[in-house]
Structure formats: structure tokens, C-alpha cells
Amino acid sequence: MTSLQTLRVNGSRLWDSLMQLARIGATEKGGVCRLALTDLDRQGRDLVTRWAREAGLTVTVDQIGNVFMRREGLNPALPPVMTGSHIDTQPTGGKFDGNYGVLAGLEVVRTLNDHGVQTEAPIEVVFWTNEEGSRFVPVMMGSGVFANAFTLDHAYAATDVDGKSVKDELTRIGYVGSQTPGDHPIGSYFETHIEQGPVLEDHGKTIGVVTGVLGIRWYDCIVTGMEAHAGPTPMALRKDALQVASRLMQEVVACAHRHPPHGRGTVGMVQVHPNSRNVIPGRVKFSIDLRNATDALCEAMDADIRARAAALAAETGLSIEIHPVSAYPAQPFHGDCIQAVASAAEALGYSSMPVVSGAGHDAVYMARLAPAGMIFIPCKDGISHNEIEDAQPDHIEAGCNVLLRAMLERARLVQG
Ligand SMILES: [Zn+2]
């Protein structure tokens, strides 16, 4: 009799699978370049689905190329407990981003098979098409269509730099399925992922219990002053757009500090006009990226930065415009899934801490459809989207054990 208490995944088998998949599109610096809907993506898909069939899973594909690999439950009428991620990578991607979440799901299934464990609800492992958004925009394409965030036709029409469309490339690699995206129930959804940030490593914790994904507000800010000669114009008579802009840039960072612990404020792009050594800048355009854990906090940061801008404009007499560019709502995860991850980590004796995700994931869209949660593990120096992306085998194994336990809690272990 296998009990939940003693059931563990096979960490070395999971590691071996990760290393095998990483050979497809391997780069010289030890990373992976496997862009969505390329021949290499097809080879990766073929390998993972072959492994799935060998593990006795039923493979189905939907019209945007999302692949579902199902292990039947004792009660097939129940919606499946689903886990997964993506296997496409950035051009200078690593071995773990996305791939870990998919292969951890496969390892959960292999472990259940090894021990003859059955579950009440079916279990499904999924990989979503084009999560990275590197070759085709929008990002998180497959899960976005599935969650009806945008239409199938919108996704199909996206083209790469050579003008090749998603529809044509998906057809070419043989992954246009017959299922209507979203026409597929989900009981609950878990995604295991490297953190892609430095927090877990900094705190020396093994498991990040992800409570949600930060909301994002993007703006363009334009400060208008007056160009004038840098020599003859006395300081008191200037309208220096860059001096005023730089004060507001400081406020962007201060605004994040005023909304802790998850507030983020970044100025990443600056254009100075006329950008000449001996001309007082007449116009500065810069980007503002504000993030926080709830929409209310994002709203508060929005009001905060606008108030600072208004005060600065009144004080200096220069015009300051703040234009919204795009916004993504914060996505808290479901309390039951967060709790399932936290208690699994505790029962397994792994150190853990609550964390938020500053990056988007397929789980964001799944959280609109079903109770969802994520499990983070540390990655070396917090680096991802880089060929040197790295993770430790014992962390890889730990995250998968947490996934196994959390999924079994939701799918109900029946017998072993
Ligand atoms: Zn990812």
C-alpha cells in the first residue's frame, strides 16, 4: 500500500528527461534555442508526446496547438487536475524555463504509474503553445486563446519577422488539433517553474509558494521645456526638460518604495531631445513601468505618480504628460491551491516562503478558469532568459515532490 506520506518522485529520472529535451536546440553556451513552431519545437513536442504515450497517457491537441496528455481517473466525469507550462524558449533561453513545469508533470505521472496509484479525478499534463512570445506576439498565446483572452483568429494571424504566420507554421509542423481551445474543463491547475528572480536564493529557501502575479501598468511620460543654448542661458531662466524628468524618474522609484512590499517602479527607456551636448533639453520622453500585487495597489501607485507629476509641473512651470500604454491586471492565485502548495512543502520538510511572481506565466490565464497555483524553485543568481540559466537537481526534485503532493490532494489519491 503506497501512502501519500512516503510517495516521492524520481529526481534523477526527471533531471535526465530535462537534459534530453535540452539537447533539442542546444546552444554552444549550454542554453537552448527552441523558438515556437520551428522544426526544433516540433522535435521537442514529438519527444514529450512520445514520453507521454509511453507513460500510458492519451494525447490530444487543440486548434492553437496546445497539447493535453491525460491519465484517466476512477471518475472520468470529474474535471482533471492539470499541470504544465511551455517548451518553447527564448533565442538565448535556458534548459529549465517552462520545460521544468512540463516534465515535472510527466514525472508526477510516471511516479503514480510506478506505484500503481489511482486518483479519483483524471490528471492532465499540458504544454501551451508560444508562451515566450519571442517569435510571435502576443506572449502566452496558447493559454491566452484557451482562456479566451483573445481569439484564435487573432493568434493565427500573428507573423514572425519573415512574415510567416502562426496558422501556417502550426500546420507545417503538424500541430493543428481538432479541439476547440477552451472546450476542455479544468478542475484545478498547478504550474511548477524556476523563480526567474533572486528572492528564494537570497532567503535560502527551497520552495516559493506563489500567492499571485503582479499587475502591470505601462506609461509614456513626456516632459516639455524649451531648448536653449547651454552657455548664454542663466540657470534661473531655463526650462530644462531633463532636469524635471529626472526628478520624476526618482519619484517612480520612490513610489514603488511607498507601496511595499511588492511595489516595483522602473524607468527603462529615455529619449532626450535634441540630445546635444550644449543644448538645454527641450523635450524628454521616458517609459514608466509600475507593478504591484493587487489592482487596488496598482491604482494607488497610478494616483501617486500622477500627483507627484502635477506638483512638479506646478512648481517648475513645465508641461508633464503621462499616457497609459497598456495594463495587465494583478492575478491572485486561489487560496486552496496556495494552501495545497504550502502544506505540501511543510509535510515534505522543505523550507518555503510566500512569493509573488513579477513575470507572466500560463498560470495567469488558467487562474481565470479554475483554482490555480504555482510552485517556484530557486534558479542560480535569479537569472533566466539566458543560456547560463541554471537550477540545482535537489531543488528540481523538491519542486516536483511538492507538485505531486499538491496535485494528489486535489485529485484525491484513491488506492496504491
Ligand atoms: Zn516560462
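**Exercise 1. The surroundings of Ile216**

Determine which residues Ile216 is in contact with, leaving aside its neighbours within four places in sequence, and decide whether Ile216 is buried or exposed.

*Solution.* Taking contact to mean heavy atoms within 4.5 Å, and setting aside the neighbours within four places in sequence, one finds that Ile216 touches Asp289, Leu290, Arg291, Ser326, Ala327 and Tyr328. The model is a predicted one, in which local features need pLDDT of at least 70 and side-chain atom pairs count only at pLDDT 80 or more, while totals for chains, interfaces and linings use all residues. Residues are numbered from 1 along each chain as its sequence is written, and side-chain values use heavy atoms, with hydrogens and water left out. Next, Ile216 is placed in strand 8 (residues 215-224), where strands (E, at least two residues) and helices (H or I, at least four) are DSSP runs numbered from the N terminus. Finally, the relative accessible area of Ile216 is 12%, and Ile216 is therefore buried, given that buried means under 20%, exposed over 50% and partly exposed in between (1.4 Å probe, protein chains only).

**Exercise 2. The partners of Glu251**

Work out which helices are tied together by the pair of Arg308 and Glu251.

*Solution.* Begin with Arg258, which forms a salt bridge with Glu251 at 3.1 Å between the closest N and O atoms; Arg258 is partly exposed at 33%, as is Glu251 at 22%. Arg308 also forms a salt bridge with Glu251, the closest N and O atoms here being 4.0 Å apart. Because Arg308 lies in helix 9 (residues 295-316) and Glu251 in helix 8 (residues 241-258), this pair ties together parts that are 57 residues apart in sequence. Arg308, with 35% relative accessibility, counts as partly exposed.

**Exercise 3. Charge across the domains**

Find how many salt bridges are counted between domain 1 and domain 2.

*Solution.* The domain assignment, automatic or from a database, gives domain 1 (11-213 + 330-414) and domain 2 (215-328). The structure holds 21 salt bridges, yet the count between domain 1 and domain 2 is zero.

Notes:
Salt bridge = Lys/Arg side-chain N within 4 Å of Asp/Glu carboxyl O.
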